[in-house]
Amino acid sequence: MTLLGWLWAAALDRLQATFDVAGAYGAPALAGAFACSVAYYVWRRRSRGRPVSARGFFRSIFAGRIVWNPSSVVDMKMWALNGLAFAGGYAYLAFGNVFCRDATVGGLVAAFGAREPARWPAWSVFAMATLFELLAYELAYWFGHFLFHRIPALWEFHKVHHSAEVMTTFTELRQHPVEILAFMNLIAIATGATFGIMTYVFGPGVQPFTLLNSNILLMLFLVTYGHLRHSHMWIPFTGVAGRILQSPAHHQIHHSDNPAHWDKNLGFALALWDWAFGTLHVPGVERETIRFGVGPTGDEFASVPRNYVMPFVRFGEQVARGLRRFAPQPRGVDALRR
């Protein structure tokens, strides 16, 4: 196959994978996001006593100043290019998940010996698997997100995502491939180990309740307001709900360049782990003043090639700086010469 033929086949495969019914950008997820956007628009207009119209909806939700902002154009390009990396990451996740499950079962058998599976009703086992998989997924996501924020060398990769100055659903894949693969592997380890433990206790066949071939709880998040995390719509969850679930407003706070918001709301669908580890910032009902981006250095991320290449350069600089801290310090005459 020629290079052009390979690229064409890869592009078609990417389109199919991207818009597959069960995919993150499949019809159910996009339709759900659209429906939630309509509900948000109608609620906002009526709460202010203003008229509702189709024209007003599109001008408000798909505002040209956001959709065609130079930052948004970079998002679109990276969304298209990262599709191949994301598809590869998911393929690796599927392999890694099974591998970690089997390795966990093998380790438990070696440590405690084989055991008879517990005889619990199937619905109760599936319900536990559904909840535990979601909690494991979220813990791995929170932990990886925490590392990419708090370790300077890793932040150089994650900074690409935070450099977005406006947010649309395309911003989700404004990510460096290194970050994508790291998150996929952490999630594979956590969910694989979880299913390994449950398989050891309850026997083969443990699985969650599913919707569109995925964990029903996670998929319900994706087919409703999940894509609105990266948007300009202030949809807050407050009170108890704001300590359990990540609302679009939670994630907008996460992207804020206000130091008071740094390293907050690191979860994906749940706020539970943020609450547990002290990284939660529950949004208020009224919109907070938020500016997106990474401040004066934002211009460094206006080029797609630089977004892929420069994090490696900055990562190397950070690693070299860290190694110098642990290098033996010169003494005596050598110190004076310095």
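How many salt bridges does the structure hold? There are 8 salt bridges in this predicted model.

**Stop 1: R174 and D75.** Select these two residues; their side chains form a salt bridge with an N to O distance of 2.5 Å. R174 belongs to the loop between helix 7 and helix 8, while D75 is in helix 5, and the two are 99 residues apart. Buried or exposed, R174 and D75? Both R174 and D75 are buried.

**Stop 2: R291 and D257.** Here the salt bridge spans 2.7 Å, N to O. R291 is in the loop between helix 12 (272-277) and helix 13 (304-326), and D257 is in the loop between helix 11 (248-254) and helix 12, so the bridge ties together parts 34 residues apart in sequence. R291 is exposed, at 58% relative accessible area, whereas D257 is buried, at 17%.

**Stop 3: R314 and E300.** Move on to the salt bridge between R314 and E300, where the closest N and O atoms are 3.7 Å apart. R314 sits in helix 13 and E300 in the loop between helix 12 and helix 13, 14 residues apart. R314 is partly exposed at 26% relative accessibility, and E300 is partly exposed at 31%.

**Stop 4: charges over rings.** Select R115 and Y200; R115 lies over the face of Y200, 5.8 Å from the ring centre. Then select R243 and W275, where the charged end of R243 sits over the ring, 6.0 Å from its centre.

**Stop 5: aromatic pairs.** Searching the whole structure gives 21 aromatic pairs. Take F58 and F62: the ring centres are 5.7 Å apart and the planes meet at 25°, so this pair is stacked. F58 is partly exposed, with a relative accessible area of 43%, as is F62, at 41%.

For an edge-to-face pair, select W79 and F170, with 5.3 Å centre to centre and 85° between the planes. Why does this pair tie together parts that are 91 residues apart in sequence? Because W79 lies in helix 5 (residues 70-112) and F170 in the loop between helix 7 (152-162) and helix 8 (177-202). W79 is buried at 12% relative accessible area, and F170 is partly exposed at 26%.

**Stop 6: an aromatic cluster.** Finally, select Y137, Y141, F148, F183, F221, Y225, F237 and F268, which form one aromatic cluster.

Note on methods:
Residues numbered from 1 in each chain as written. Predicted model: local features only at pLDDT ≥ 70, side-chain atom pairs only at ≥ 80, totals over all residues. Heavy atoms only, no water. Phe/Tyr/Trp six-rings, centres within 6.5 Å; stacked < 30°, edge-to-face > 60°. Buried < 20%, exposed > 50% of the residue type's maximum accessible area, 1.4 Å probe, protein only. Helix = DSSP H or I, 4+ residues; strand = E, 2+ residues; numbered from the N terminus. Lys NZ or Arg CZ within 6 Å of the ring centre and 35° of its normal. Salt bridge = Lys/Arg side-chain N within 4 Å of Asp/Glu carboxyl O.
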